[in-house]
Structure formats: C-alpha cells, structure tokens
Amino acid sequence: MKYLSKDVSLRLDVDRCTGCKMCTVVCPHGVFAVENQKARILDRDACMECGACALNCPVAAIAVNSGVGCAEAIINGLLTGQETCCGGDTCCCAPKAS
Amino acid sequence: MNNALQANTCSQPDPGAVSVASGGYLGHTDSAWTLADHLGAIGVRLSIGRMLYRVTPGLYTLGTPGPDAPVLVTANYKLSFDQLRRALAGINAWILVLDTKGINVWCAAGKGTFGTDELVGKINECRLHERVTHRRLILPQLGAPGVAAHEVRKQTGFAVVYGPVYAADITAFLQADLQATPAMRRICFSWHERLAVAPLELVLYFKQLLLLGLALALLSCVPIAGHFWSAFEHRGILVFLLFVLTGALASLLGPLLLPWLPTRAFSIKGACLGVALAVLGLWLVGPAWSVLRTAAWILLLAAGASHLLLKFTGSTTFTSPSGVRREVRVALPVQIAMGLVGLTAWTAAGFLPTW
Ligand code: SF4
Ligand code: SF4
C-alpha cells in the first residue's frame, strides 16, 4: 500500500555516495537500489520518512525530514506546538510489528 | 551459565539473576510461552495494562550461549521480547534488552529511545566485551531509524547487522549466515496485522462512540414536546444502538478493508466507508426518517468514520509525516464542518412535521 507522496522530503546526494548499500538494507519499503556503486531512488512514493536510511548512511549522503506519520501526533502538534505521539509514555503505534 | 534459573522476565528483577558488578542486569529466559505470556499478548493487543508490559532491561541468556553465540538486541516491551525468544527456539543466544520504557522497537526507534546512545550504554553496562569474543550485534531492521550502525561500531567496536523486519524470520536469517532475503527486509501491512490492530481501534474509541451515540439520541428527542422518556424510548434508543453498532463496525472494517477503500487519502477512505455503512444500516433497519434526518445521519457517520481513519494513519506502516500533515490540514476542517452541519441538521429535523 502507498500513501500520498507529492511532498516526500527524501533527498539523495549521489556525489557523496560510496555505494555501501546500507540504505538498501535498512529501508523497509525498498526505496533504494544500488547500481554501479551508486545509490538511486527507485520508489520515492513508498517512502514513509522513517529516517533509517539517513541515520545509517555513513557518509551522510541522504537527508529526510523524519517523524511519525500519525495524524494524532500532528493534530496534537497543531494544538500544542509540539508533535507528540498521543503524549506521554505510551504510543499510538504500540501494537505494531516487533 | 545460569542454567538453574527459571524464565522470569517480567517487570520485577529476577531474584535469582546475577547482577553484574557494574550495574547491568543479567537474566535467563527460554523460548516457551506460558499461559500468562499468551494471555498477556492478547491483553496487550486490547490495550489492557499496556504500560506495564515490560521486561527488565539487560542481558539475557537463552539456552546456554557460549562466547561465540550470537547477540540479538530488542526492546523491553514484553511482546517484542517474547516474540524474539519464541522465534529463537532451539538456539543458544544472548539477548540484549534495551530500556525503551516498555515501547516496541519500531516506535522506540522513532522516538530515539531504541537508539545509538542507549545501545552503547547497555553494551558497556552488561560488559558484553567480556562475555563474547566476536564483535557483532544483530538488531531488528525496524530499529534502524534510531541507531546509527557506523556510530555504534566507532564507539564500541561492535558491528551492527540488521536482521529481518519480523522476528519469525530470525532463524532463517541466522541459518543463511546473516543474509536476509529482500522479502525479509520489507514491512508489509498484511491482513493479519490489520486484523490484530482492528480490535484495538474499537477499544480505543468505544467510549467516544457511546458518548456520541448518547448525544445523538438525546438530540433526536428535540424539541421536547410532551413526555421526554416516551420520546426517548420511541426513537432515542434506536438512534443510540444504530449509531454505536455502525460506528463499531466502521472502526473494525476500516483497518481491515483499508487497501480496498477508494483513494490513497485515509480521510476519503473513511468517509466512503461511513456513507456505505450508514446507508446499509438504514436500509436494514428501515426507520421512518425524514429526508433531512437521513441526510444528517449519513453526513455525521461520514465525518466520524473519516476522522477515525485519519487517526488510523498512526497505526499503519507506510504513512509519511509530511503526507499526513498535508492531509490533516485539508481534512480536519472539512470533518469539523461536516460534523457541525450534521448536528445542526439532525437537531433541526426534529422541528419538521414528519419526524
Ligand atoms: S548508505 Fe549512503 S553511501 Fe551507502 S549506498 Fe546508501 S547513499 Fe550510498
Ligand atoms: S526514510 Fe525510511 S522509508 Fe524513506 S527511504 Fe529512508 S529508510 Fe526508506
């Protein structure tokens, strides 16, 4: 399944990329592919801005405005100026996979 | 080591566990689920006592791991830990449990509690360098948004290997020399995952559903002419029951039918579902309502279901924050307007000659 994608914030600086393939390992939506020692964005639409690729790229070739894609957090953010996922210790996404 | 210790991995420190001098907690566990584990897994899905479902963070032995046994890292949300140890049946391994405040790997990684600093801290606290001779850690792939693998290596010498998304694939991953197939790397939002979150949605919103149903039932007695209770008995009870049933159905079917509801926008998916269920309910029950009341009912259920599914973005595994932000900006005002118009029309319908 895919979500609205017009404004996915993912950016890749191909010049910096060393082709280590870490981004293809961590991305749970198969957004990247590495060909000829360079990463390429295969499927931008599938990106959910989790930030795993940017954090794990050893040469900081990837940038993304990461966060939780949760309406409750964003509505809380509009109300209080701070995006918290349902507030406090628990999280609205708690029953998800492992 | 610690063979004599029984599996005791709940929130209380195991009295028989060896507490390491530097403060790291060491415990033993096994792969079998007890009845309490099974009941807990069901309870936690229905958000009964979810906040207490924790494991003491620290290092656990599973079976009899030697210095060359694999080290697997997980969160101290008990269900994460339980799924991992069950998947590792028959394997001798170390399980390093990070303190994620009882939150699962994925959410904790997003918040940064399943993170580089916590991992480095636990490695040192539990003196992992002395317990294993290799320098490799296996992390769930869904922990990657919180952990910078190259940083962990720089600070501790341990190489982070990201394992499969789902704990169930872990033995296949270990047997394949730590190679994950592309399928193991992908998160899916399959029907059985949606089935698992659907009841939670209902539990989460049931109170609001009852209150809204009651409000609509009371408003359906406006204007109060003659005996209030007879009016309430006459139609209020039907309104209440129909609303709660339709709403409950929407909260269950929304997650289940998600891929088949039209468009990619959750609010539109929800509105379509709301209209369909409202019409279906009215058709089945066939109350003699005026056109205005019928229209108000459909509008209110569309608004409610639309909001319900918009909130459901938080339980999915593919919605991006910038997309949700855009959808919230457009959909929320529309939902509020629909709700207000619907409530006004619902109340106004009472003043028509035909109820
Ligand atoms: S992780 Fe960074 S350096 Fe490695 S392949 Fe991806 S973009 Fe290139
Ligand atoms: S932000 Fe997450 S989903 Fe998007 S490309 Fe990076 S790893 Fe994949």
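Student: Over which residues of chain A does pLDDT stay under 50?

Tutor: Let's start with the idea: pLDDT is the predictor's confidence in each residue, on a scale from 0 to 100. In chain A, the stretch that stays under 50 is residues 86-98. For that stretch the model has 50 contacts beyond four places in sequence, where a contact means heavy atoms within 4.5 Å. This is a predicted model, in which local features need pLDDT of at least 70, side-chain atom pairs count only at pLDDT 80 or more, and totals for chains, interfaces and linings use all residues. Residues are numbered from 1 along each chain as its sequence is written, chains are lettered from A and ligands numbered from 1 in the order in which they are written, and side-chain values use heavy atoms, with hydrogens and water left out.

Student: What is the average pLDDT of chain A, and which element has the highest mean?

Tutor: Chain A averages 82, and 80% of its residues score at least 70. Among its elements, helix H2 (residues 52-56) of chain A has the highest mean, 97, while helix H3 (residues 71-80) of chain A has the lowest, 80.

Student: How many helices and strands are there in chain A?

Tutor: Helices (H or I, at least four residues) and strands (E, at least two) are DSSP runs, numbered from the N terminus. Chain A has 3 helices and 4 strands, arranged along the sequence as β-α-β-β-α-β-α. Chain B has 12 helices and 6 strands.

Student: Which residues have the most contacts inside the largest nonpolar core?

Tutor: A nonpolar core is a set of buried Ala, Val, Leu, Ile, Met, Phe, Trp, Tyr and Cys residues joined through side-chain atoms within 4.5 Å. The largest one here has 55 residues, and Leu96(B), Phe114(B), Leu119(B) and Leu137(B) have the most contacts inside it. Its largest share, 5 residues, comes from helix H3 (residues 105-111) of chain B. A second, separate core of 23 residues includes Val197(B), Leu273(B), Leu309(B) and Phe312(B).

Student: Which residues does Leu119(B) touch?

Tutor: Leaving out residues up to four places away in sequence, its partners include Val73(B), Leu96(B), Leu137(B) and Val160(B).

Student: Which residues are closest to ligand 1?

Tutor: A residue is near a molecule if one of its heavy atoms lies within 4 Å of it. For ligand 1, 13 residues form the surroundings, with Cys17(A), Cys20(A), Lys21(A), Cys23(A) and Cys57(A) the closest. To sort them, count Ala, Val, Leu, Ile, Met, Phe, Trp, Tyr, Cys and Pro as nonpolar, Asp, Glu, Lys and Arg as charged, and the others, Gly among them, as polar. The shell of ligand 1 then has 10 nonpolar, 2 polar and 1 charged residues. Around ligand 2, the residues include Cys27(A), Cys47(A), Cys50(A) and Cys53(A), and its shell has 9 nonpolar, 1 polar and 1 charged.

Student: Where is Asn36(A) found?

Tutor: Look in the loop between strand S2 (32-35) and strand S3 (38-41) of chain A. Asn36(A) has a positive phi of about 50° although it is not a glycine, and it is exposed, with a relative accessible area of 75%.

Notes: Buried means under 20% relative accessible area, exposed over 50%, partly exposed in between (1.4 Å probe, protein chains only).
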